[in-house]
Amino acid sequence: MTATAALPRFTAIPRPAGEFAGTGQMLRLYLRRDRVVAPLWSLLIGLMPALQIVSIKDIYTTQDQLDHFAATTAASPALIAMYGPVFSSALGSIGTWKAGAMYAMIAIAAVLTVIRHTRVEEETGRAELVGATSIGRFAGLTAALLLTYGAAAVAGITCAASLMATDLPLGGSVAFGAALAASGVVWGAVAAVAAQISTGARLARGIALGALGAAFAVRAVGDAGNGVLSWSSPLGWCLQIRPFADERWWVLVPSAALAAGATLLAYQLLRTRDIGAGLLADRPGPAVAATALSGPVGLAWRLQRGSLLAWTTGFALYGLLIGGAVNSIGGMLDDSGSLRDVVTSLGGSADLEKSFVAYAVTMMAAAAAAYSVSAVLRLHEEEDSGRAETVLAAAVGRVRYASSHLMFAIGGPAVALLTAGLAIGIVRGATDGDLPGKVGESLGAAAVQLPAVWVVTAIAMLLFGALPKYAALAWGVLSAMIVIFLLGSLGGLSQWILDLVPFVHPPKLPGAAFDIAPIAYLLVLAGTGILVGLLTFRRRDLR
């Protein structure tokens, strides 16, 4: 036997045939992982505008009522800032104007989907493992974008088809569906760029969602003014397509150009960086940690403070808009007895302004629950990344560790929601000269919704503690609650189904009589759920 023959044989790892090699396999993997979530958000978002049209048909039965609604809305800068201008008093135009929030909803869904399949994969190390095989460098990003763009297209097609099913014109239906899909594609591309900038998924989501918030602010300021500034916002472009009001098809061109440019930029940035790295390099920390980081509470504050500040700021701005819109609600409802009944039933008071405040605060409570779920699931992220094991290896008990994050999941929504209530009260009080009274009413309306928010917190903690593999289902539970609440406002749902939503149980302040019983019931339910979640986390193994 020669020396050469004695050498061991090694099999060479096959190198990618190209940078896009394996895209099909990655796409199949992502479709399998998102086989429930992606169809759910694309179909729900696609169907919601048609449900809005059905409700408008029941509420405004004559063209005179639609004309009055459009005129009243056009005279309210606060409503225009929130939803955009109304370009026509046609049924389709008013219905899709009220469904304009879907442009932002599909944007959020697209951002979360892209970040989940790009930066999260790198942060967990799976992308590096897959990249060591015959998968091309661009395969993961391409598959994530194909999935997101495809889901946005499905939402747009579903939207157009469902709007036509309500007997609306073909042109306007297709225009709104195209605008909806364009919003998803644009913000999916923006998320792809954000994924190349940060080394962490949380910061990448923050960058993309921060850009979305800035786009909303620019659009709101522009629409409340002369409209020129709105052309600087992708959300403003969606509105300017003007479905059912002499459609402007050419406005789709800026959206297509931005999506194409952002997509190409994402590929270029991916080409120039290392796997796991980002354009924003991690800064070295100080040699000695601050005293605040000596315990789990300080660590939780360090991890949660950015989200708390962002959510609180957003709630304050939204509260200011709601407070400004309250004064216009009476004029909007003058000609629609049906809408008066809907708002009164949801707000629990014959006083339309107070009922509107109660309904608006309830919707903000659902948003506060989303922040709470995010704060709880930070525990899940820390466990998946292995950082929780490092912390728990020290003299830190599991209950103490989990409670440090629960402080923000419980207290954070309280801060954000009460800030929104304070903003609503200040604007209302400044308008009619009763500042103490209106601030007290609005703060009370926000405070009574907190136990309902904490029930959602308990559900997220239960899933994390007992079924950590399915902790993300907390988002699905919250989404189902919001859909049931919105459909319940249109009527037709059994009461026992509505009772599954915690937000319908608190007294509808201001205006309704205060009742301690549902508050106590929700507090007991939330406390029990959180306690069981803590105990199950204490007893189970780390994943």
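**Note on cavities, cores and buried positions**

1. Pro85, Val86, Phe87, Ser93, Thr96, Trp97, Gly100, Tyr103, Phe176, Leu239, Arg242 and Pro243 line the largest cavity. A cavity is a set of points on a 1 Å grid over the protein atoms alone where a 1.4 Å probe fits but cannot get out, and lining residues have an atom within 4 Å of a point. The volume of this cavity is about 100 Å³, a volume being the space filled by probe spheres set on the points, which are joined across faces, edges and corners. Its lining consists of eight nonpolar, three polar and one charged residues. Here Ala, Val, Leu, Ile, Met, Phe, Trp, Tyr, Cys and Pro count as nonpolar, Asp, Glu, Lys and Arg as charged, and the others, Gly among them, as polar.

2. On the source: this is a predicted model, in which local features need pLDDT of at least 70 and side-chain atom pairs count only at pLDDT 80 or more, while totals for chains, interfaces and linings use all residues. Residues are numbered from 1 along each chain as its sequence is written, and side-chain values use heavy atoms, with hydrogens and water left out.

3. The chain as a whole. There are 24 helices and zero strands; helices (H or I, at least four residues) and strands (E, at least two) are DSSP runs, numbered from the N terminus. Of the 543 residues in the chain, 48% are buried, where buried means under 20% relative accessible area, exposed over 50%, and partly exposed in between (1.4 Å probe, protein chains only). Among contacts (heavy atoms within 4.5 Å) between residues at least 6 apart in sequence, 78% join residues at least 24 apart. The accessible surface is about 24,200 Å², and carbon and sulfur atoms account for 67% of this. Areas come from the Shrake-Rupley method with a 1.4 Å probe, and for residues only the protein chains shown count as cover.

4. Helix α6 and the largest cavity. Helix α6 (residues 91-98) gives the most to the lining of the largest cavity, with three residues. Seven of the eight residues of α6 are buried, namely Leu91, Gly92, Ser93, Ile94, Gly95, Thr96 and Trp97.

5. The largest nonpolar core. A nonpolar core is a set of buried Ala, Val, Leu, Ile, Met, Phe, Trp, Tyr and Cys residues joined through side-chain atoms within 4.5 Å. The largest one has 73 residues, and Tyr103, Ile115, Leu163, Leu180 and Trp187 touch the most other members. Helix α11 (residues 170-197) supplies the largest share of this core, 13 residues. A second, separate core holds 64 residues, including Ala368, Tyr401, Ala416 and Phe537.

6. Beyond its neighbours within four places in sequence, Tyr103 is in contact with Phe176, Ala179, Leu180, Ser183, Leu235, Cys238, Leu239 and Pro243.

7. The second largest cavity. Six of the lining residues are nonpolar, one is polar and none is charged.

8. Thr362, in helix α17, is buried, with a relative accessible area of 3%. Not counting residues up to four places away in sequence, Thr362 touches Gln449, Phe485 and Phe503.

9. The second largest pocket. A pocket is an open set of points with protein on both sides within 12 Å along at least five of seven lines. This one has about 390 Å³ of space. Ala127, Gly136, Arg137, Gly140 and Ile275 are the closest to its centre of the 23 residues that line it. By class, the lining has nine nonpolar, seven polar and seven charged residues. Helix α9 provides the largest share, four residues.

10. Two further buried positions. Ser307 lies in helix α15 (residues 296-333) and is buried, at a relative accessible area of 18%; setting aside residues up to four places away in sequence, Ser307 touches Arg202 and Tyr371. Val251 sits in the loop between α13 (234-240) and α14 (252-272) and is buried, with a relative accessible area of 0%. Apart from neighbours within four places in sequence, Val251 is in contact with Trp231, Trp237, Gln240 and Ile241. Val251 and Leu239 are twelve residues apart in sequence, and their C-alpha atoms are 9.4 Å apart in space.
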